[in-house]
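This report describes a single protein chain for a reader who is new to structural analysis. Please consult the sequence and the three-dimensional view while reading.

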Amino acid sequence: MSEPELSPLEELGLTDDLTAEGDPLNEAIAELQGVMDKDHALGPLEDIGLDDPFETPPAPAEEPPANHDSNLQKLVMSIPVQLDVVIGSAEMPVSDLIGMEAGSVVMLNRKIGEAVDICVNGTKVATGEIQSMEDDPSRLGVRIVALEKS
């Protein structure tokens with residue numbers, strides 16, 4: 001009987017505690033960590049003495065430093081993401097779009113007080129409600145009321 005095939009993450013030596021099944025963000029972070037660990041272990045390209053850039057590099061001589069994981073985590077956690085609060089949308093024919101001018105009003109598919117979508121990098125991650133900020137009533141915020149199931 002043959003052994004089961006390893007996933008790419010298992011081949012990189014990543015444990016299941018780094019990834020949540022089906023969570024693309026956690027899987028991407030785990031894959032990035034594995035690639036960065038291998039890259040860190042190899043060191044700078046000029047140090048490994050490869051004449052051919054497609055030559056397989058030698059195996060790393062030592063493990064990466066213990067604080068590497070915390071540095072990687074800090075790096076990953078500092079990556080900016082785009083968070084959008086979608087208050088509504090509308091569909092219209094191009095003729096209506098072309099006919100718009102200053103002062104035109106577009107009716108959205110949501111009513112005042114209805115929940116809004118919270119999206120990260122274009123993916124809906126939560127639902128929220130719009131509110132004014134206590135410390136600055138001229139600014140809006142969004143209170144998360146429910147998270148999407150992954």
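Of the 150 residues in the chain, 14% are buried, where buried means under 20% relative accessible area, exposed over 50%, and partly exposed in between (1.4 Å probe, protein chains only). The model is predicted, and local features need pLDDT of at least 70, side-chain atom pairs count only at pLDDT 80 or more, and totals for chains, interfaces and linings use all residues. Residues are numbered from 1 along each chain as its sequence is written, and side-chain values use heavy atoms, with hydrogens and water left out.

The chain contains 4 helices and 4 strands, arranged along the sequence in the pattern α-α-α-β-α-β-β-β. Helices (H or I, at least four residues) and strands (E, at least two) are DSSP runs, numbered from the N terminus. A contact means heavy atoms within 4.5 Å; among contacts between residues at least 6 apart in sequence, 31% join residues at least 24 apart.

## Aspartate 117 and its partners

Aspartate 117 belongs to strand 2, which covers residues 116–120. It counts as buried because its relative accessibility is 18%. Its side chain forms a polar contact with the side chain of lysine 124 at 3.1 Å. A polar contact is a pair of N or O atoms within 3.5 Å; within protein, one must be able to donate a hydrogen and the other to accept it, and residues adjacent in sequence count only if both atoms are side-chain atoms.

Arginine 110 is placed in the loop between helix 4 (94–98) and strand 2, and at 22% relative accessibility it counts as partly exposed. A polar atom of the arginine 110 side chain also lies 3.5 Å from the backbone oxygen of alanine 115. The C-alpha atoms of arginine 110 and isoleucine 87 are 7.2 Å apart, although 23 residues separate the two along the chain.

## Strand 3 and the chain end

Threonine 127 lies in strand 3 and counts as buried because its relative accessibility is 15%. Leaving aside neighbours within four places in sequence, threonine 127 is in contact with residues including Val116, Ile118, Ile144 and Val145.

Lysine 149 is found in the segment after strand 4 (140–147), and its relative accessibility of 82% makes it exposed. The C-alpha atoms of lysine 149 and alanine 126 are separated by 8.8 Å.

Most residues other than glycine have a negative phi. Asparagine 121 has a positive phi of about 50 degrees although it is not a glycine. This asparagine 121 sits in the loop between strand 2 and strand 3 and counts as exposed, at 52% relative accessibility.

## The largest pocket

How much space lies in the largest pocket? The volume is about 640 Å³. Of the 20 residues that line this pocket, the closest to its centre are Asp23, Leu25, Asn26, Val120 and Val125. On a 1 Å grid over the protein atoms alone, a pocket is an open set of points where a 1.4 Å probe fits, with protein on both sides within 12 Å along at least five of seven lines; lining residues have an atom within 4 Å of a point.

Helix 2 (24–42) gives the largest share of the lining, 6 residues.

Methods
Points joined across faces, edges and corners; volume = space filled by probe spheres on them.
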